[in-house]
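Please view the sequence and the structure first.

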Protein chains: 2
Amino acid sequence: MKPIFHPDMDGIDAATVFGALADPTRLAIVLALADAEEFEARCGSFTDFASPSLLAYHFAKLREAGITRARAEGTSRFISLRREELDGRFPGLLDSIIATARRDPSLPRISEDKLLAP
Amino acid sequence: MKPIFHPDMDGIDAATVFGALADPTRLAIVLALADAEEFEARCGSFTDFASPSLLAYHFAKLREAGITRARAEGTSRFISLRREELDGRFPGLLDSIIATARRDPSLPRISEDKLLAP
DNA sequence: TCTTAAATTCAACGATCATTGAAATTTGAA
DNA sequence: TTCAAATTTCAATGATCGTTGAATTTAAGA
């Protein structure tokens, strides 16, 4: 019932965004969201990356840095990239981040068809 | 006499680069280097940003993440951006970082003519 | 040689971070 | 109402981070 907090994009500073990306698991989440056909993914799709409670921590970091939004549906949650808003605040940055993540072979990947499966 | 360590760019991963940028002082250093006419700056030019010992810590972080190089001359040191090398590893990233830093008014700035003055 | 200047290194500190496992919350289904 | 699934919250841990101030290094100049 309690709404999910999403920060105003105008208040986001650059160092906070980079801090949210300074972790391979979070970078892998962003990459998976970027490379997926669907624009959102179920939170439970990422259990290959970390334990549920650790994932919740990483999801909160990304959300509080303005990079992702979250939406609740039933007992599930879906997250997606705040593409347009982030591009308004820092034009071109998200695309560059995604391109950078793609170039890093050390990042864990996830098969795309896992992202929405219940 | 002991040479300054510069990591091989191939071994740099994306999360390390973002981690080096997750601090306003280090972002301000990168921004100053990017906006300067000269391609390098004396380390002592940044004392507005932090104390000498704290600056040395930040310089090391940037250097170990592959973002900057350092060169000793007499008792001074000069740092510069590893533009071409970084662009080879992560094309377009540095320009995007610089554009992002420019859009963040909360970052401290330095008058450009301080960067080389002895 | 003695001194000064420029910068780093080191030891310490409190703060934040990533991680774990258990407990709590929320919702839909039996 | 009870149960199970999905996810978060909480408390605790060790590790890393940003910061300070003192000590050290290095090289140039008097």
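In this predicted model, the residues that line the largest pocket divide into eight nonpolar, three polar and two charged. The lining is made up of 13 residues, and those lying nearest the centre of the pocket are C43(A), L55(A), A56(A), F59(A) and R77(A). The space inside the largest pocket comes to about 200 Å³. Three elements of chain A, namely α3 (52–64), β2 (68–73) and β3 (76–81), each supply at least two residues of this lining, and among the contributors α3(A) gives the most, with six residues.

The contact between the chains is described next. Chain B brings 23 residues to the contact, and chain A brings 23 residues as well. On the side of chain B, the residues that lose the most area to chain A are F18(B), T100(B) and R103(B), which together account for 33% of what that side buries. The area buried between chain B and chain A is about 1,700 Å², and carbon and sulfur atoms give 68% of this area.

Between chain B and chain A the count of salt bridges is zero, whereas four residue pairs, with both residues at pLDDT 80 or more, are found in polar contact across this interface. The elements of chain B that give two or more residues to the side touching chain A are α1 (14–20), α2 (24–35), α4 (83–89) and α5 (93–102).

Over all chains, a search of the whole structure finds 10 salt bridges. One salt bridge joins the side chains of R69(A) and E85(A), with a distance of 3.1 Å from N to O. This pair links distant parts of the chain, 16 residues apart, with R69(A) in strand β2 of chain A and E85(A) in helix α4 (residues 83–89) of chain A.

Notes. Residues numbered from 1 in each chain as written. Chains lettered and ligands numbered in written order. Predicted model: local features only at pLDDT ≥ 70, side-chain atom pairs only at ≥ 80, totals over all residues. Heavy atoms only, no water. Contact = heavy atoms within 4.5 Å. Buried area = accessible area lost by both parts, 1.4 Å probe. Salt bridge = Lys/Arg side-chain N within 4 Å of Asp/Glu carboxyl O. Polar contact = N/O pair within 3.5 Å; in protein donor to acceptor, adjacent residues only side chain to side chain. Helix = DSSP H or I, 4+ residues; strand = E, 2+ residues; numbered from the N terminus. 1 Å grid on protein atoms, 1.4 Å probe; cavity = no way out; pocket = protein on both sides within 12 Å on 5 of 7 lines; lining within 4 Å. Points joined across faces, edges and corners; volume = space filled by probe spheres on them. Nonpolar A, V, L, I, M, F, W, Y, C, P; charged D, E, K, R; others polar.
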